[in-house]
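This report looks at aromatic rings and the groups around them. The sequence and the model are shown below.

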Amino acid sequence: MLDLSWVWAGPYTGLQLAHLGAEVIKVESTLRPDINRRIPPFAEGRPGLDRGGSFNQWNQNKRSLALDLGHPKARRVVLDLAHKSDVAIENFSAGVLEKMGLAYRQLSERNPRLVMVSLSGFGQTGPISRNVAYGATVMAIGGLTALTGYRNQAPRSAGLSYPDPNSALHSVFAILAALWRRDRTGQGEYIDCSLLEAMVAVMPEALMAEEMRGEQPPRDGNRDPVLSPYGVFHCAGEDDWISICVRDEEEWRNLCAAMGAPELAIDPRFATAIQRKRNEDALEEIVTAWTRKFDFLQLEKRLQQAGVAAAAVQSARDVAADEHLEARGFFARLNHPEVGVYTHAGTPWHFSATPVSVRTPAPQLGEATEYVVKEVLGYSDAEYRQLAAEGLFK
């Protein structure tokens, strides 16, 4: 797989396919390093192109080819890689690869069986396709920001660039479907994935509310439009919280019993789902007054044992020590040559007959350059040395 991507959406696409067994060759350069190589968190707090935590997370199981794409001879190397590849990924702004002579049209001339995906903010066509996009702008244009926040307050950023990983998973599914088709027809495929459209596709409730009732769904914190109590409640710690979701009358009675307040179950303000929703402010005050007495992790177990859907709101540190994820073998702890052993997220699925795992840590920049040029592409040692002397592999 030829990986011309950087930051998140493209690398996350390649990561999933690398976990599935693809040999992903990431093309990058010291002259324009991946942003995630340059931003914290860094191992031991010391910056370095091979020390970035987010880069080392999203680029496991890959190889790195150092290649200056601005060099006049770089195009030949990329075309040769495309010729050898089943899949190509890129997430430059729309039109950038076309200007470089490396768009799907040129790559597919060398390899008609190539499946290629372009991930961009707004797709390759349309009136705003050439606009530069970041996760926050895509969330705003797509309506997610308008849905995020608390009652009677301004919209808020969701805090995470949801369009990036979401569009990546859309792309992975499309790539696998295209490969399935390619194996039966011999034809490659070009996939134009828009972060905006992939994100909007997972906001059906809000779209349907507007389309069917002409209503802009209100911002309402963590509340559900129908269920109550439903939300995140403060526990004993300064910033410790627990999520509680009561879905039916049985769970409501279970919660009342766990709180030691069976009288709440027959309180006319809360006796039915409709009444609980109408009196939600008062109900949340009662529940919060109770949850504030408990450690959030202990309360999680207590409520689950009582038959209430509840989960502690965990920090990244808490998740990294989660006993369930540990027991499932989710974490990857491989020895990275620059930073040593750190805990990383592994594969979120297991197959019954196919081994899926994190086999190698993220690559050091350019660590596989000689291997790719000589072993994969078949360049002679003399040719490799000449191109290196000309500054191509930077």
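Over the face of which residue does Arg63 lie, and at what distance from the ring centre? In this predicted model, Arg63 lies over the face of Tyr371, 4.3 Å from the ring centre. Another arginine is placed in this way: Arg37 has its charged end over the ring of Phe55, at 3.7 Å from the ring centre.

Rings also pair with rings. A pair of aromatic rings is described by the distance of the centres and the angle of the planes. The whole structure holds 7 aromatic pairs. One of them joins Tyr12 and Trp58 in an edge-to-face arrangement. Because Tyr12 belongs to helix H1 (residues 9-19) and Trp58 to helix H2 (residues 53-58), this pair ties together parts that are 46 residues apart in sequence. Tyr12 and Trp58 are both buried.

A further pair is formed by Trp252 and Phe270; the planes of their rings stand at 70°, so this pair is edge-to-face. Distant parts of the chain are linked here too: Trp252 is in helix H11 (residues 249-258), while Phe270 is in the loop between H11 and helix H12 (273-278), 18 residues apart. Both Trp252 and Phe270 are buried.

The values for these two pairs are as follows.

| Pair | Centre to centre | Angle between planes |
|---|---|---|
| Tyr12 and Trp58 | 5.1 Å | 85° |
| Trp252 and Phe270 | 6.3 Å | 70° |

Tyr12 and Trp58 also belong to a cluster: ring pairs link them with Trp8.

Terms used:
Residues are numbered from 1 along each chain as its sequence is written. This is a predicted model: local features need pLDDT of at least 70, side-chain atom pairs count only at pLDDT 80 or more; totals for chains, interfaces and linings use all residues. Side-chain values use heavy atoms; hydrogens and water are left out. Rings of Phe, Tyr and Trp (its six-membered ring) pair if their centres lie within 6.5 Å; planes under 30 degrees apart count as stacked, over 60 as edge-to-face and the rest as tilted. Helices (H or I, at least four residues) and strands (E, at least two) are DSSP runs, numbered from the N terminus. Buried means under 20% relative accessible area, exposed over 50%, partly exposed in between (1.4 Å probe, protein chains only). A charge sits over a ring if NZ of Lys or CZ of Arg is within 6 Å of the ring centre and within 35 degrees of the ring normal.
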